[in-house]
Structure formats: structure tokens, C-alpha cells
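These are my notebook entries on one protein chain. I set down what I looked up, entry by entry, with the criteria I applied.

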Amino acid sequence: LIMTIGVSVVVITYNEEQSITNCLASILAIDYPTFEVIVVDASADDTGRLVKAIKDPRLRYRWSEKKGFGRQRNVGVEMAQFSLIAFTDADCIVPQDWLSILVAKLTSGIGAVGGNACPPAGSGGLELCIASLGFPAGGAIGLDANRTTGGRQGLATCNAIFKRSALDKVGHFDETLKYGGEDTKIIEEIGLAGYKICYVPESSVTHRARSSLKEFILWNIRRGRAQYHLAKNKTVHSLGNSLILTVLVGCCLSIWVIEFQLLCIPIIILGYGVFLTLFYTQIYKFHLLWLRRNRIGIGWRSLLVCVPFLFILRRLCNAAGGLVMVVSSASSRTGDR
């Protein structure tokens with residue numbers, strides 16, 4: 001009975017000519033009886049031409065003049081023919097049983113289900129270290145790594161299915177969140193509306209890993225901007241304080257190193273050891289990373305140096321993105337006067 005429920009798969013795109021063909025090929029190869037694929041495109045590259053070149057009656061294409069995560073997702077929802085609406089990203093590859101695994105979990109009272117987004121097989125070096133931070137959708141660790149201290153489980157729209165009734169009840173995706181975070185917000189709203197959110201650990205898609213430090217930095221600055229819109233000024237103030245504190249601590253350590261030279265090296269080594277111990281025991285996500293390190297295939301040098309460095313860099317970039325939004329908002333208010 002469950003397998004007879006039709007699913008509309010929505011993929012939003014912006015300049016994804018390098019990945020869209022493989023993504024759609026994997027979706028169209030899904031072993032599920034009734035589904036359609038809707039591509040909502042706002043690209044300036046060849047993405048649209050590549051989508052239109054695929055001749056499959058299940059595939060529908062829509063050009064969106066307005067680019068935006070929430071806007072494009074809502075266009076896909078409006079176009080959808082079926083009562084279940086799935087989302088994945090244009091740089092993802094889905095397995096053949098993707099829909100059947102998720103749909104089976106959409107029982108009564110559940111508004112949305114979703115799973116993991118793992119890096120491609122064979123990923124290593126910087127790509128694997130970035131994925132080991134737990135983003136997106138749990139990255140190399142697993143989506144359960146992003147469960148809140150209160151037990152709330154979030155989902156990511158690179159691997160999720162929503163009931164249309166749940167989306168309709170909360171008014172669909174927030175189109176004002178132009179830097180992202182629309183999935184985080186709608187999951188919270190669906191939960192507040194009385195629906196349950198179900199994490200399905202056996203569901204995984206392959207998500208392209210960030211492969212350069214520049215891409216990682218720009219991605220996290222954008223995430224900082226998204227956090228500003230999601231939490232208004234509260235999170236940004238916290239991020240700003242974290243950035244200022246980090247800079248002050250860094251300056252103090254630099255002065256200390258210059259002043260005491262080699263005398264402080266044992267103290268720095270000891271302090272870093274304490275930091276690593278707390279990092280892998282007191283932060284739930286990274287405790288899971290440590291426990292799952294063999295399964296993930298991450299090496300010791302990456303765990304001891306690269307992952308902690310990327311964690312700090314991510315937080316600083318988030319803070320920088322948030323502070324940019326604070327300054328921008330303050331400038332806009334001044335200009336309106």
C-alpha cells in the first residue's frame with residue numbers, strides 16, 4: 001500500500017552544470033513505481049540545457065526568474081502532483097531504494113522523514129575532514145550527530161520527504177531566508193504544528209564534498225548570514241562575541257610566545273591536549289566522530305590537527321558572516337532615516 005503513494009522529487013538548481021546530469025540519472029533510476037522529478041532552475045550556466053536534453057516523461061523543468069532556496073522550493077511544491085514531496089540537492093547522488101526506504105517511515109503523525117548525506121566513496125584529505133564536521137546532513141558522521149541537546153532531530157533537504165499536508169499547514173518554505181536555513185526553519189515549524197520528525201539512519205545519499213579551503217570559507221560565511229536571519233540578532237551577538245574573544249585570546253597567545261619564546265611551548269602542548277580531550281569527549285558530534293573514526297576511515301593526523309582547525313575556522317567564518325549582516329542591517333537602517 002505504501003509503495004502505491006506517488007512522490008514528487010524536487011531539485012532546485014543554480015549553476016550546477018557539472019553535477020546535474022549525474023544527479024538526475026540517479027533519481028530517474030530509482031526503484032519506485034510512481035514518482036516525478038521537478039527541476040526548478042535559476043542558473044546562468046548550461047544547467048537548463050542539460051536538463052532539457054534528458055528525454056523522460058517523468059522529468060519536468062521550470063525556469064525561476066527569482067533565485068532563492070525558499071522561493072525555488074516553493075515553486076517545486078506548487079508544481080508537485082503528489083501528496084509526498086521529496087527533496088535532494090543537484091550535487092547529490094541517490095541510491096535506487098532512496099524513496100522506498102523513506103516512504104515506508106512516513107506513518108501516521110509523522111510530517112517529515114530524512115537521512116544522511118555522506119561524502120563520495122574514496123574521499124580523503126581535506127574533503128573528508130570537512131565532511132567530518134557533520135555538515136551537511138551529518139556529513140561523514142551521520143545526521144544523528146546534529147541532534148540538539150534537547151533531543152530535537154533536524155533534517156536536511158538534500159535527503160528528505162515531506163507530507164504536503166504538513167507543508168501546507170506551516171505555509172511552506174520561508175522565502176526571505178535567501179542565504180539558506182529554510183530547511184531548519186520549516187522542520188521546527190512542522191514540529192511545533194504537532195507533527196513528528198523521523199530520522200532514518202539507513203537512508204543515505206552521496207553529497208559532493210567541499211574540496212578547497214576557499215570554497216569551505218565562503219560556504220561558512222554564507223551559513224553565518226543564514227544564522228543571522230534564522231535567529232535574528234541573538235545568535236549573531238553570540239557569534240560576534242566569540243569572534244572578538246578568539247581574536248583577543250590569539251593576540252595574548254602571540255604576545256606570550258614572543259615574550260617567553262620556547263618556555264611556553266610545553267604549556268601550549270599541554271593546553272592543546274586538554275582542548276582535544278574536551279573536544280572529543282564533551283561535544284556530542286565529535287564524540288561520535290571519534291567513536292566512528294574507523295568506519296569513516298579518517299586518519300589520526302586529521303583528527304588531531306585538521307578537524308579541530310576546520311571547526312574553529314568554521315565558527316570564525318560563521319561569526320564573520322553574521323557580523324557582516326549586522327553591519328549591513330545597521331547601514332540600511334541609517335540610510336532609511
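**Entry 1. Helices on the sheet.** I began with helix 3 (residues 69-79), which lies across strand 1 (7-13), strand 2 (35-41), strand 3 and strand 4 (84-87). Helix 3 runs at about 145° to strand 2. I then turned to helix 7 (residues 182-192), which packs on the sheet and touches strand 6, strand 7 and strand 8 (196-207). The direction of helix 7 makes about 40° with that of strand 7.

I note the conventions here. The model is predicted, local features need pLDDT of at least 70, side-chain atom pairs count only at pLDDT 80 or more, and totals for chains, interfaces and linings use all residues. Residues are numbered from 1 along each chain as its sequence is written, and side-chain values use heavy atoms, with hydrogens and water left out. Helices (H or I, at least four residues) and strands (E, at least two) are DSSP runs, numbered from the N terminus. Contact means heavy atoms within 4.5 Å. Axes are lines fitted to C-alpha atoms, for helices over the stretch in contact, and angles run from 0 to 180 degrees between N-to-C directions.

Entry 2. In what order do the eight strands of the open sheet stand? I read the order as 3-2-1-4-7-6-8-5, with mixed pairing; two strands pair if DSSP finds at least two bridges between them. Strand 3 (59-63) and strand 5 (92-93) stand at the edges, and each has a single partner strand, so one side of each is left without a neighbour in the sheet.

- Strand 6 (residues 110-118) and strand 7 (residues 160-163) run antiparallel and are joined by three bridges; A112 has F162 in strand 7 as its bridge partner.
- Strand 6 and strand 8 pair in the parallel sense over seven bridges; V205 in strand 8 stands opposite A117.
- Strand 5 and strand 8 pair in the antiparallel sense over two bridges; I93 has T206 in strand 8 as its bridge partner.

Entry 3. I listed the buried residues of helix 1 (residues 20-28) and found I20, C23, L24, S26, I27 and L28. Buried means under 20% relative accessible area, exposed over 50%, and partly exposed in between (1.4 Å probe, protein chains only). These buried residues pack against strand 1, strand 2, helix 2 (47-52), strand 3 and strand 5.

S19 lies in the loop between strand 1 and helix 1. Is S19 buried or exposed? S19 is buried, because its relative accessible area is 15%. Neighbours within four places in sequence aside, S19 is in contact with A90 and D91. N15 is placed in that loop between strand 1 and helix 1 too. N15 is not a glycine, yet has a positive phi of about 55°; at 32% relative accessibility it counts as partly exposed.

**Entry 4. Cysteines.** I searched the whole structure for disulfides, taken as pairs of cysteine sulfur atoms within 2.5 Å, and the search finds zero. C23 is in no disulfide, and the nearest cysteine sulfur, that of C92, is 6.7 Å away. C23 is buried, with a relative accessible area of 0%.

C306 counts as partly exposed, at 21% relative accessibility.

I also looked up V305, which lies in helix 12 (residues 300-336). V305 counts as exposed because its relative accessibility is 51%. The C-alpha atoms of V305 and C129 are separated by 9.9 Å, although the two residues are 176 residues apart along the chain.

**Entry 5. Helix 9 and helix 10.** The axes of helix 9 (residues 265-282) and helix 10 (residues 284-291) come within 5 Å and cross at roughly 90°. Helix 9 is therefore roughly perpendicular to helix 10; angles under 35 degrees count as roughly parallel, over 145 as roughly antiparallel, 65 to 115 as roughly perpendicular and the rest as oblique. In the contact, F279, Y280, T281 and Q282 of helix 9 meet Y284, F286, H287, L289 and W290 of helix 10.

**Entry 6. Backbone checks.** F135 and P136 are joined by a cis peptide bond, with omega about -10°. P136 lies in the loop between helix 5 (125-131) and strand 7. H172 has a positive phi of about 70° and is not a glycine; H172 lies in the loop between helix 6 (164-170) and helix 7.
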